[in-house]
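Subject: Structure handover

Hello,

Please find the structure below. Notes on what was found in it follow.

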Amino acid sequence: MILDWVWDNFGLLEYLLCIELVVLLAAAFFYQVAKLIARTHRQDPLVKFYRVFWQSFFSSVTSIRDLDLMQMEQMARARGVAMVGDMDTNQLSRLDAPDLGSLDGLDEIAKPASPPSDMDETPPPTAVKPIGRTGPEDEDRVRPKKGGESRELKYARLQREKREAETEAAENRAEASDRIAVTRDSSEDRNRTDLPHAEIKRAAVSRLNVRIVPMKEKDRIVGYQDGEIVIDVVYAPEAGQANGVVIDLISSQIDVRPYQIALIGGHYKVRKTFQVSGLDQPTLDARIAAI
Amino acid sequence: MFDDFQKILQAIRELPDPERVAAANTAFVTWCVANVVRYLVTGVVVWALGRRVLQAVFAAWREAKRTGST
């Protein structure tokens, strides 16, 4: 009776819908089985499969954040803006330590424009706008507003005063440490955090180039070839989903914590650039050489 | 559906009474709209559900393979 009604009224689409519902029912049944297995074997592949299946089924397929990042990167490329992943080592180093240069001329820029007294005055040289974040010297940011000091100029002035105060304090500390250096053990110096070498250690960063080979059998580090680490990952090259796995692999290989590794270039590419904080470049190179 | 469509059209043409023809035409148009909407809705549901199921299966397969291999 029911089968006759189904045969008379169902078309291809209804049959497909029935198949999908049967698949979902089977997945729900095996999810219950997997929960029983998980009591003794939490990392069983069946448990992992059905847990990830329902997580993926009820979550958005591609997160909005990834879509936004991809769209922003594509739009920026369409406008001809260089991305971090395209930069060479020199450009990346400029991103890390922006050369603020002398801020002495900022007050002059902040003054209201006066009519030129001399027509033969040479025009100021045209500055080449550097790539990426350049700090307060960026002319768009320090353009004075009408009616006084802009917020950016005030920030630059405060920063300059702060740096001058820090320089004075450092000089005072250096003089004081020179005076008492003869009575202090050198091991105590290494534990102090207000000495220059301690800050150098905290600020140690290094770079690591990685090439990803997606859709492999397992996640593993293949080796070091042509100045970059080659890593196999199981994931397909989409939406940057292998980045977390790569960071875990690298951190275990070079013996640092995962949070010390930051992806700074190639978020959606197979060639990625990581920044490792807490390790200087020679140390990192030595650890990579052991791979 | 296409066979039913032809049969109904033929039956309407053979109707002798114009008043019954008008009523049959109204019923025919309603039947057509209902069927089109039904196919559209079913198609969208099948497409969305199937896509979600397939992507979930692939993601779960990748994750299970990755976990099982490490």
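**The sheet in chain A**

Ile212(A) stands opposite Ile231(A), a residue of β3(A). This is a predicted model, and everything below should be read as such. Four bridges join β1(A) and β3(A), and the two strands run parallel. Strands of a sheet pair through backbone hydrogen bonds, either parallel or antiparallel.

Both strands belong to an open sheet of five strands in chain A, ordered β2-β3-β1-β5-β4, in which the pairing is mixed. The edges are formed by β2 (220–225) and β4 (261–265) of chain A, each of which pairs on one side only. On average, neighbouring strands of the sheet are turned by 35° against each other, direction ignored.

- α10(A) touches β1, β2, β3, β4 and β5 of chain A, and its direction makes about 130° with that of β4(A).
- α11 (residues 281–289) of chain A touches β1, β2, β3 and β5 of chain A, and its direction makes about 35° with that of β1(A).

**The cores**

The largest nonpolar core has 18 residues. Those touching the most other members are Leu208(A), Val210(A), Ile231(A), Val233(A), Val246(A) and Ile250(A). Two or more residues of this core come from each of β1 (205–213), β3 (228–232), α10 (243–254) and β5 (271–277) of chain A. The largest share, four residues, is that of α10(A).

Which residues does Ile250(A) contact, leaving aside its neighbours within four places in sequence? They are Leu208(A), Ile261(A) and Phe274(A).

There is also a second, separate core of 10 residues. Among its members are Phe49(A), Tyr50(A) and Phe53(A), together with Ala59(B) from the other chain.

**Where chains A and B meet**

In the contact between the chains, 22 residues of chain A meet 24 residues of chain B. On the side of chain A that touches chain B, α2 (12–38) and α3 (45–58) of chain A each supply at least two residues. The largest share of that side, eight residues, comes from α3(A). By residue type, the side of chain A that touches chain B divides into 14 nonpolar, two polar and six charged residues.

Chain B itself has 70 residues, of which 9% count as buried. Its secondary structure comes to two helices and zero strands.

For the complex, the predictor gives an ipTM of 0.80 and a pTM of 0.40. Chain B has a mean pLDDT of 87, with 94% of its residues at 70 or more. For chain A the mean pLDDT is 72, and 60% of its residues reach 70 or more.

Within chain A, where is confidence lowest, and where is it highest? The lowest is in helix α8 (residues 186–191) of chain A, with a mean of 50, and the highest is in α2(A), at 92.

Two stretches of chain A should be noted here. Over residues 136–142 of chain A the pLDDT is below 50, and this stretch has 16 contacts in the model beyond near neighbours in sequence. Over residues 182–187 of chain A the pLDDT is also below 50, and that stretch has one contact in the model beyond near neighbours in sequence.

Regards

Methods
Residues numbered from 1 in each chain as written. Chains lettered and ligands numbered in written order. Predicted model: local features only at pLDDT ≥ 70, side-chain atom pairs only at ≥ 80, totals over all residues. pLDDT = per-residue confidence, 0-100. Buried ≥ 20, exposed ≤ 12 C-beta atoms within 10 Å, placed from the backbone. Core = buried A, V, L, I, M, F, W, Y, C linked by C-beta atoms within 7 Å. Contact = placed C-beta atoms within 7 Å. Nonpolar A, V, L, I, M, F, W, Y, C, P; charged D, E, K, R; others polar. Pairing = 2+ DSSP bridges. Axes fitted to C-alpha atoms, helices over the stretch in contact; angles between N-to-C directions.
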